[in-house]
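The model is a predicted one.

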Amino acid sequence: MSPFLSDPAEVAAWRDELERENKRLVFTNGCFDLLHPGHIRYLNEARRRGDALVVAINGDESVRAIKGPGRPILGEAERAEMLCALRAVDRVVVFHEMTALECLRQIRPHVYAKGGDYRPETLQPEEQALLRQLGAETVILSLVKGHSTSELVKRMSPLKSDKVKLAVLGSGTGSNFEAIAEAVLAGNLQAEIRLVLADVPDAGILEKARRRGLPAMFLDPGRPGFRLTPSACKNYADRIKASEVDLVILAGFMRKVEGELLESFAGRILNIHPSLLPKFPGKDAWKQALAAGETEAGCTVHVVTEEIDAGPVLGQSRLEIRPGETESELIGRIHLLEHELYPRVIGEFAAKLAREA
Ligand code: GRF
C-alpha cells in the first residue's frame, strides 16, 4: 500500500485518542483528482471545523464510474500523496465502494464535511442515519465558484470531439448495448459510450460494460414495478447530465422514462422495441405478434416521448414469421435484427443532429 495512505483501523484508533484529549476529528471525502485552489480552500475550511482532518478518497474504479472514462487523471496513490502534502490534511484513506459509508462506520468521525454541491436533502440517507447514530455533526461548506477538476479538464481540451456521446440505460442482459459497443470498437459508429446505468443491481448490462472498462452503475429506481419515483427520475437525469452526453439510449430499460428524466433530454432519448410499431407496443411484443397470427414481425427504433412506444419512428427492420415458429425462435431472430439496426440508426440520428446544429 502507498505510504501516503493510512489504514482506516489505525485512523479509528487515533480518533479515539483524539477524543480522550477532547479533540474532534473531521472527515471529508471526494475524488480530489488534480488539486486546484478550490480544493485547498475547502480542505482548510473543513480542518477549521475540528482539530484534525482525515480525507477519504474514492478508489480509481469509483472515480471512473462517477466522473467518466479518462478519469481519474492521477491514480489513488498519487492523489493521496498530493493531499498528504497539504497543511490541512492529517491522514488520507481510500475507499472502493460507491459511497464512503463503510469508511465512516469504521472511522466514526466527530464532524462530517461535505462540499456546497450538496444540500441537506441530497446527502446520502444511509450516511446521514449513521452519522446521527454516532452523534456526529454534518457541515456543508461552500465551494469556490469556477474551480473544479472537470472545469480544468475541459479548459485543457478545447477541441470538440466529433463523436456522439452516449449514455446507455438497461435492465437486462444488454445484448443491444454489446452490439452498440462493438460497432463503436469496429469504427462503424462514431460514438463514445460515457455511461451505462441500470435499475437492476445485477443486470448483465452492467457486467458487460465493466468488462469493457466503461463507467457503469446501478441507480436506485426508488420502487418496484414499471415506474421510477420522481426523485429517482431526478437522480437519473443528474447522473446523465454530469456525464455530458448527446443522446440517451434505452437498451432494454424496463421503466417508463418520464418527469425530469424525459424533460432533460427531450428529443434525444432513443428506444428499441421488438415489434413493427405502431403495432404491438408494450410488453412481450413478439408474443403479441404471434398470438395475433401476424405473418411478419421485426423491431423499431424510435424517439422516446411521454406515451410508451409511440414516439417518431427512426428505423425498422422486418422479417417473415416462419410457419410453426416458437416465441423463443422469433425473439432470437428479432434480436439479431436489433443488433444491426440500433447502432446504424444511432449513427444516422447523430449525423442528422450534427447537420442541424
Ligand atoms: C430488446 O428486445 C429490446 O427490443 C427491448 O428489450 C430487449 C433488450 O434486450 N426493448 P438486451 O438487454 O439488449 O439484450
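I began with the lining of the largest cavity, where helix 12 (285-291) and strand 11 (296-303) each supply at least two residues. I noted its volume as about 60 Å³. The lining comprises 13 residues, and I listed those closest to the centre of this cavity: Leu276, Phe280, Ala289, Glu296 and Ala297. By class, I get 8 nonpolar, 2 polar and 3 charged residues for this lining.

I then checked how many cavities reach 30 Å³ or more, and the structure holds 2. For the second largest cavity I noted a volume of about 50 Å³. Its lining consists of Ala65, Ile66, Lys67, Gly68, Arg194, Leu195, Arg239, Ala242 and Ser243. Helix 3 (60-67), strand 7 (191-198) and helix 10 (230-242) are the elements that contribute two or more residues to this lining. I asked which of the elements gives the most. The answer is helix 3, with 3 residues. The lining of the second largest cavity splits into 4 nonpolar, 2 polar and 3 charged residues.

I find an open sheet of 5 strands in the order 3-2-1-4-5, paired in parallel. Strand 3 (91-95) and strand 5 (137-141) are at the edges with a single partner strand each, so one side of each has no neighbour in the sheet. On average, neighbouring strands of this sheet are turned by 25° against each other, direction ignored.

Last, I followed strand 5 to strand 4 (residues 111-115): the two pair in the parallel sense over 5 bridges. I recorded Val139 in strand 5 as the bridge partner of Ala113.

Methods
Residues numbered from 1 in each chain as written. Predicted model: local features only at pLDDT ≥ 70, side-chain atom pairs only at ≥ 80, totals over all residues. Heavy atoms only, no water. Pairing = 2+ DSSP bridges. Helix = DSSP H or I, 4+ residues; strand = E, 2+ residues; numbered from the N terminus. Axes fitted to C-alpha atoms, helices over the stretch in contact; angles between N-to-C directions. 1 Å grid on protein atoms, 1.4 Å probe; cavity = no way out; pocket = protein on both sides within 12 Å on 5 of 7 lines; lining within 4 Å. Points joined across faces, edges and corners; volume = space filled by probe spheres on them. Nonpolar A, V, L, I, M, F, W, Y, C, P; charged D, E, K, R; others polar.
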